Amino acid sequence: MEEMEIVPWAEAFLDEYRLHQSEGEENHLTGDTQIWKRPQEGRLKINTDAGIGDEGVGLGVVVRNHMGEFVMAAAKQVRGIQDPTMGEALAVEFGLQLARQHHMVSPIMEVDCVNVVAGVRRAAGIQTELGVICRNISKLLEETGGGTIQHVSRKANEAAHIMAHVRTLWDRAEVWFDRPPLILLDQLKIDDVTFPYQ
């Protein structure tokens, strides 16, 4: 990687690290970082995660509304990806592609990879394959009517983590609407006490 590519990435990572550190101090006092939180009324929250395997990466997506209700989940496996940050970026991109396809307006994207959040915020200066994906994420956020992306702790992203490990056919998405897959039920109950599915 050339110096011109590294400098913007390093600056973005340092900014995100400082932001994460200050958020961590606040959240240590309130205990809020360890739980999934409902989005504001009228908005959807999309959690994404990636799980690296022997032959590629699993992508997981979970969408919930401001009542904490399940809207959609998806899983997909992509061959040949072994880099965790690239996998996380592909998961965010996958989640936003689904959001656009299903006309979700202004979603809140949550991911537990600080490097992806930093990459999206500084994507213009990153001349790598990851930079291309981060620029596409920025474009998709605009196309969904001003969606946002933010970093959360792994504990607040467990539902997406579970979906990232669902086995699917390679490069083919599997999507669940209205009723979650059985593998997700326990985590949805943990995340929100008003869980409507029994």
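**Figure 1. The open sheet of the predicted model.** In this predicted model, six strands build an open sheet in the order S5-S4-S1-S2-S3-S6, with mixed pairing; two strands count as paired if DSSP finds at least two bridges between them. The edges are strand S5 (148–151) and strand S6 (174–177), each of which pairs on one side only. From one strand to the next the twist averages 15 degrees; axes are lines fitted to C-alpha atoms, for helices over the stretch in contact, and angles run from 0 to 180 degrees between N-to-C directions. Residues are numbered from 1 along each chain as its sequence is written, and side-chain values use heavy atoms, with hydrogens and water left out. As the model is a predicted one, local features need pLDDT of at least 70 and side-chain atom pairs count only at pLDDT 80 or more, whereas totals for chains, interfaces and linings use all residues.

**Figure 2. The chain as a whole.** The secondary structure comprises six helices and six strands, where helices (H or I, at least four residues) and strands (E, at least two) are DSSP runs numbered from the N terminus. Along the sequence they follow the pattern α-β-β-β-α-β-α-α-β-α-β-α. Of the 198 residues, 53% count as buried, that is, under 20% relative accessible area with a 1.4 Å probe and protein chains only. Among contacts (heavy atoms within 4.5 Å) between residues at least 6 apart in sequence, 72% join residues at least 24 apart.

**Figure 3. Strand S4 and its two partners.** Strand S1 (residues 45–52) pairs with strand S4 (residues 108–111) in the parallel sense over four bridges. In this pairing Ile 46 stands opposite Met 109, and Asn 47 opposite Glu 110. Strands S4 and S5 also run parallel and are joined by four bridges; here Glu 110 stands opposite Gln 150 in S5. Both faces of S4 are covered: Ile 108 and Glu 110 are buried on one side, and Met 109 and Val 111 are buried on the other.

**Figure 4. Helices lying across the sheet.** Helix H2 (residues 84–101) lies across S1, strand S2 (56–64), strand S3 (70–79), S4, S5 and S6, and runs at about 145 degrees to S1. Helix H3 (residues 114–121) lies across S4 and S5, running at about 145 degrees to S5.

**Figure 5. The surroundings of Gly 51.** Gly 51 belongs to strand S1 and is buried, with a relative accessible area of 10%. Leaving aside neighbours within four places in sequence, Gly 51 is in contact with Gly 56, Val 57, Gly 58, Ala 164 and His 165. The C-alpha atoms of Gly 51 and Ala 91, 40 residues apart along the chain, are separated by 9.5 Å.

**Figure 6. Charged groups over the ring of Trp 36.** The charged end of Lys 45 sits over the ring of Trp 36, 5.5 Å from its centre. Arg 64 lies over the face of Trp 36, at 4.0 Å from the ring centre. A charge sits over a ring if NZ of Lys or CZ of Arg is within 6 Å of the ring centre and within 35 degrees of the ring normal.

Key:
Buried means under 20% relative accessible area, exposed over 50%, partly exposed in between (1.4 Å probe, protein chains only).
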